[in-house]
Amino acid sequence: MTRNLKLLALFVGAAVIGHVGLVMAVPHALMKVAMNRMSGDGARINQFSFGPRTTKDSRGVVRPSPDLAYSSCVYDLSKGPLLVSAAPSPNQGYVSLSVFAANTDNIAALDTTQYPKGIRFVLKREDQVAPVGMQVVNSPSDKGIILDRRLAPSAELFAEVDQARRADSCAPVKG
């Protein structure tokens with residue numbers, strides 16, 4: 001093999017390893033940064049945090065909509081499954097919950113068109129046990145983020161929606 005072919009093979013091998021490494025590592029690194037920010041460096045795990053009304057300077061989430069009220073729960077399933085619930089908004093306002101795993105995969109999306117009386121499910125790892133009869137979402141990772149988005153296009157509606165979302169829960173399953 002000539003020297004040029006060896007260099008070409010080395011370059012191609014390094015490019016493939018670098019590409020695969022980046023594709024595998026970047027989502028986990030970005031999620032770790034997001035989880036740290038949303039949980040106050042781990043101070044708020046397995047509980048919802050409620051964001052203020054979106055302004056032109058808001059950047060708690062990527063490209064926030066001024067018509068939505070955002071809440072988030074950074075979850076940790078290492079000690080067991082969680083019961084997640086989101087109360088409905090007043091006047092049947094739109095609510096959606098998205099569950100993201102530690103690699104940024106969206107593993108569940110539930111909304112009030114499916115569940116007009118509120119969203120409720122058990123979030124668990126595949127090997128954990130959920131109470132019988134509950135809707136279940138299995139997470140491929142111990143950690144991740146649940147994002148609650150509610151339609152609140154005016155200050156008055158934001159105040160009403162904010163009061164309703166305070167009933168959201170993201171806590172260990174009891175019993």
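**Exercise 1.** Determine where Ser-39 is found and whether Ser-39 is buried or exposed.

Solution. Step 1: Ser-39 sits in the loop that joins α1 (3-38) to β1 (48-50); helices (H or I, at least four residues) and strands (E, at least two) are DSSP runs, numbered from the N terminus. This is a predicted model, in which local features need pLDDT of at least 70 and side-chain atom pairs count only at pLDDT 80 or more, while totals for chains, interfaces and linings use all residues. Residues are numbered from 1 along each chain as its sequence is written, and side-chain values use heavy atoms, without hydrogens and water.

Step 2: Ser-39 counts as buried because its relative accessibility is 1% (buried is under 20% relative accessible area, exposed over 50%, partly exposed in between; 1.4 Å probe, protein chains only).

Step 3: A polar atom of the Ser-39 side chain lies 2.8 Å from the backbone nitrogen of Gly-42.

**Exercise 2.** Identify the residues in contact with Val-137, leaving aside neighbours within four places in sequence.

Solution. Step 1: Val-137 belongs to strand β7 (residues 136-139).

Step 2: Its relative accessible area is 7%, so Val-137 is buried.

Step 3: With those neighbours left aside, Val-137 is in contact (heavy atoms within 4.5 Å) with Ile-107, Ala-108, Phe-121, Val-122, Leu-123 and Lys-124.

**Exercise 3.** Find which residues touch the most other members of the largest nonpolar core.

Solution. Step 1: A nonpolar core is a set of buried Ala, Val, Leu, Ile, Met, Phe, Trp, Tyr and Cys residues joined through side-chain atoms within 4.5 Å.

Step 2: Among the 18 residues of the largest one, the answer is Leu-97, Phe-121, Leu-123 and Ile-146.

Step 3: Two or more residues of this core come from each of β2 (68-76), β3 (82-86), β4 (95-101), β5 (106-111) and β6 (119-125).

Key: Polar contact = N/O pair within 3.5 Å; in protein donor to acceptor, adjacent residues only side chain to side chain.
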